[in-house]
Amino acid sequence: MSVLLWLLIALPLGVGALLGSAGTRVNRSAPALGTAAALATLGLAVASAVTRPRASAPLFAGMRAGLAVDGLSAVMVVTVAAITTAVLAFTAGEFSTKENRGRFFGLMLLFAGAMLVTVTATTLPVLLMAWEVMGATSWALIGHWWSRSEPVRSADVAFLTTRAADLGLYLAAGAALAGGIGSLRLDALPRTASPWLHVVTAGVVAAALGKSAQLPFSFWLSRAMRGPSPVSALLHSATMVVAGAYLLLRLHPLLTVTGWAGPFVAWAGAATALLLGVVAVAQRDLKQLLAASTSAQIGFMVLAAGTGGIAAGTTQLVAHAATKAGLFLAAGAWLTALGTKQLPALRGAARRYPLVGACFLIGALTLAGLPPLSLWASKDGVLAAARADNTGLYVVGLAAAAVSAVYSVKAAWYVTRPLPDEVEAGYDTEQPGTRHVSRAVAAPLCVLAMAAAVLGVLSLPGPAAWLKGLLAAPHEPAPAPWELGVSAAVALASAGLAWRWRARSRPVPVWHAVVRGARQWLYLERAAHVVVVRPLLGLARALAVFDDRVVDGAVRQIARCALAAARIAQRLDDGGVDAAVHAVAAGARNLGRLARRPQTGLLHQYYAQAAVGFAALTLIVLLVR
Amino acid sequence: MLSIVTFLPLLVCAALLLWPRTLPDLAYTWAWIVTAAVDLALVIVLWVGFDSHGGMQYEQRVRWIPGAGVGYHVGVDGLSLPLVALTCLLFLAVAVYSLRETRRVRPYVCLFLFLQTVSLGLFVALDLILFFVFFDLSIVGMFFVIAGWGHGERARAAALKFFLYTFTGSLALLLGFIGLYLAADPHTFDIVDLTRTDPLAGRGLYAGLVLLAIGVGLAVKTPTVPFHTWLPPAHTDAPATGSAILAGVLLKMGTYGFVRIAMPLLPGTWRHYALVITIIGVVSVVYGALVALAQTDFKRMIAYTSVNHMGYIVLAIGAAGTLAGSDAQARSLAVTGAVTQMISHGLITGALFLLSGVLYDRGQTYAIGAYSGLAAHTPRFAAVTAVAAFAGLGIPGFSGFIAEFQIFTGSLASQAIATAIAVTGILITAALFLRALRAMFLGAPRLPQAISAAGVTDLRSSEAISSVSLLALALAIGVVPRWLLDVIEPASRAVIGLVAR
């Protein structure tokens, strides 16, 4: 049994590592190999979703590397593998042989493999390992076109932002151990002893919000758009960004026991769903719009995790994954063909390439939450869970649902316009377009669009009960019929309004600063730069100077002092000790000279000296007595 | 057996010196490679025969200066065996890298063979004086490497600074050793005997002074803030091979001294001053990372990341001395992490220094700003450096993560605030490595002015083999760490037991 699970993660990781290190040498075969590996992984994923294998191996003292496929993981592994397969099949048709396809497909497989480990991990160390590897591979994927400085800089921003949040998981691991959970098993984390329990929860929440691009970390997702479209399609749908939502769904018991974490997470999700929705509305770049909408849609999953809507959040995750992957692939196909992703320049793109257009339209309408498409139903599940928890959350969620209809309609409106006359003028602003959509992209696009449309069945009473059983969450609130009606009405009304606004082509009556702020992603990146990056760089430079001048300066000063002391010692030695020796010698010489004086050789002088001597002696004898 | 492993390089060194000078340069290097390979093979044999729960093994004890309590006593346990293996592997990698060395090869090879014996001797020594002798000889050997094969006039100044600074440190160490000797009854320098008797138990101030002397001596070698300023010039001006050995092996002498001597021989004092040690560790972590972030010289930057990486070790062993709030599992995890970090840093930073040597060879400068888009000219070099940089910033899958995760997880319970601060170190390290990668390897291609694009060759096979093999081992430890941890864990549990006495 466990062999299946090891295979499930070893296959994408192993093939990915091989393709990645072979690089351009396997340029010709990489797409086929990569897609085949992804397909095989999908087979393994389905098999393990059915058989539910468990596996573990010793890792650290008292901590095992545990993997298991339970209900939630079963849904996740199939989703991840299926989306990966679709995206790689698309990429096979998109990437020319001029690219380093070996590296690209290898990294994509590594990336997906890391996500598979993340969603099957049962202990924190393995989860963290996969979590961080995913971040690192995302860096390499976003920076795939490394000779341009912009993608690379964006890759740095994305990686550093998510890693900053990842620090939370490092702290959570330590806190869990301190709180008596020596095994670091995920299911044991809620039993952590009290003060540490809050540290564990805070760490997990921070890491999840960061990875899922929730407020205030959302800006990295905008940066992640600079990578190739297949990367966006995979990163934004079933991997990376949803990892945070998955972790919160998985660790929902932890959120419950702390008391504060559930509402906090729910409000963070709701706020992101609303605000990033507004950001999406303001975007003029299709991929930026989709990126902001990803943040917003994941906000619904996070909201669900915070309010205990596990099945609802999972349905939302799966439905959104299919929808968003399809949308990004369609945007990518246009970008390749037309060389632009600016919405005004994409007018009529759906008419020019009708198949891509149709798939995109299905995706956009799903994203808008229009009935009976999947996200309408799944979002209602989320809102039902939110309403059971707090009416305020429900209202904010409903508002966010309305906003999602607005941005989706905005995208759909542009691409369905009639082709303008001077259409070529807007093309090729970002890269030279091929004016050609590869035939290979049709199948994955269609499959994803179909899935996006119909995955809503998971919310029908029968399948929903099955899913709740699968996820061991049988008592979750289901949306009441009137709720479904309200959300459908809200979606239809706001979609209709948005369409009319567009059609009248009158500027929307909103304050200009709001539009600019929303277009700039609420200035989040600038804020991070001002609050964190710039002070840190300043501190680093100051410390470097301090290190040279003060720390090393002190050492140099000590050395200089030693030299000075040596010089003083030399002077003392020359002028003191040695001079004294000289003085003694000179004195002895002088004494000798004096002693020679009386020795004249004249007898009468000797007699005279003797007489004086005797006289002196006699005098002394007389005086002493 | 252990003595053969230790002195084999010295024997070959003597043989090469006595041989007439008619040999071609390459013959010397190949002789060195073969010696290093044989030595590594012998260590692998030792490893296979090693019983991880058997405590000190392959012991050998010979009377040397019995009147002064000095003996030739060697042996390995789970703390030293990995370091012995690391030493052999690094010297082999450096030997392969040196195939392209053309300057005064005979003395160069002999010097490195001498250094290998000295390094191995230090890690197997179980007598304080023996330890001290090897400690000092390593300084002498490295002085000549830096002065003789470094980059010009500055190298001689850096070598002098390195020598004087670390030599002063070693004098403090000797003072501490004598303090231990005088306290023991009967007087002895034997580490095993001193560990058993714990001669300074309950000797408040005296024990504190002994720990201060030993601590300063080892801290200079490690180096920790504020005794680290000899390191950047020594690395920057040393040849790549010298830097790799200096960072990979010589720095470990300091950290190894902490776990081998300072912790088990002065347990009570260690516990008493654990907070001070932890603080020094944390300051080294954050300070080293921040100063590294501000560097504009690639090699100097890596040198400062060494201060950061050594800081994690000091943090962990400081936390392991704090009994309050932590259980034995956490403390043993911290010590295991610290020892793993020694190995990991040796492999990864060793590789990074060798790669920086390639950089200097191609561009004649380490200045980050002088390069851009190198990946266009040297794709393999860029790829290997990127992998090494990610390994250096502690990405899972490489040994750095295995070490740092254990350190953080094991230290948080007893030193929560310090560990929380230290965790930010991995973020700053990530920032600085990514910045360097972006500036030098990615973006539009631009080379230093004096260098023509045609003159830039990609990684040569000797350079690739040496650096990739180190990274491959780091990967092996990162993916399947048990074979290493199985050896280290019993030993670190023993250390924890000794400290908790």
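Chain B has an average pLDDT of 93, and 100% of its residues score at least 70; pLDDT is the predictor's confidence in each residue, on a scale from 0 to 100. For the model, the scores are ipTM 0.94 and pTM 0.93. Please keep in mind that this is a predicted model, in which local features need pLDDT of at least 70, side-chain atom pairs count only at pLDDT 80 or more, and totals for chains, interfaces and linings use all residues. Residues are numbered from 1 along each chain as its sequence is written, while chains are lettered from A and ligands numbered from 1 in the order in which they are written.

Let us turn to chain A. It contains 24 helices and two strands, which are DSSP runs numbered from the N terminus (helices are H or I with at least four residues, strands E with at least two). The radius of gyration of chain A is 39 Å, well over the 25 Å that the globule rule gives for 625 residues, so chain A is more spread out than a compact globule. Here the radius is taken over C-alpha atoms, and the rule is 2.2 Å times the number of residues to the power 0.38. Along the principal axes, the C-alpha atoms of chain A fill a box of roughly 150 × 60 × 55 Å. Of the 625 residues in chain A, 57% count as buried, that is, with 20 or more other C-beta atoms within 10 Å of their own, the C-beta atoms being placed from the backbone.

Next come the domains. Chain A is assigned domain 1 (1–122), domain 2 (226–519) and domain 3 (546–614), with bounds that come from an automatic or database domain assignment.

Finally, look at where the chains meet: 39 residues of chain A are in contact with 43 residues of chain B. On the chain A side, strand 1 (54–60), helix 5 (124–142), helix 6 (149–178) and helix 23 (524–596) each supply at least two residues. Helix 6 of chain A provides the largest share of that side, 16 residues.

Key:
Two residues are in contact if their C-beta atoms, placed from the backbone, lie within 7 Å. A residue is buried if 20 or more other C-beta atoms lie within 10 Å of its own, exposed if 12 or fewer, and partly exposed in between; C-beta atoms are placed from the backbone.
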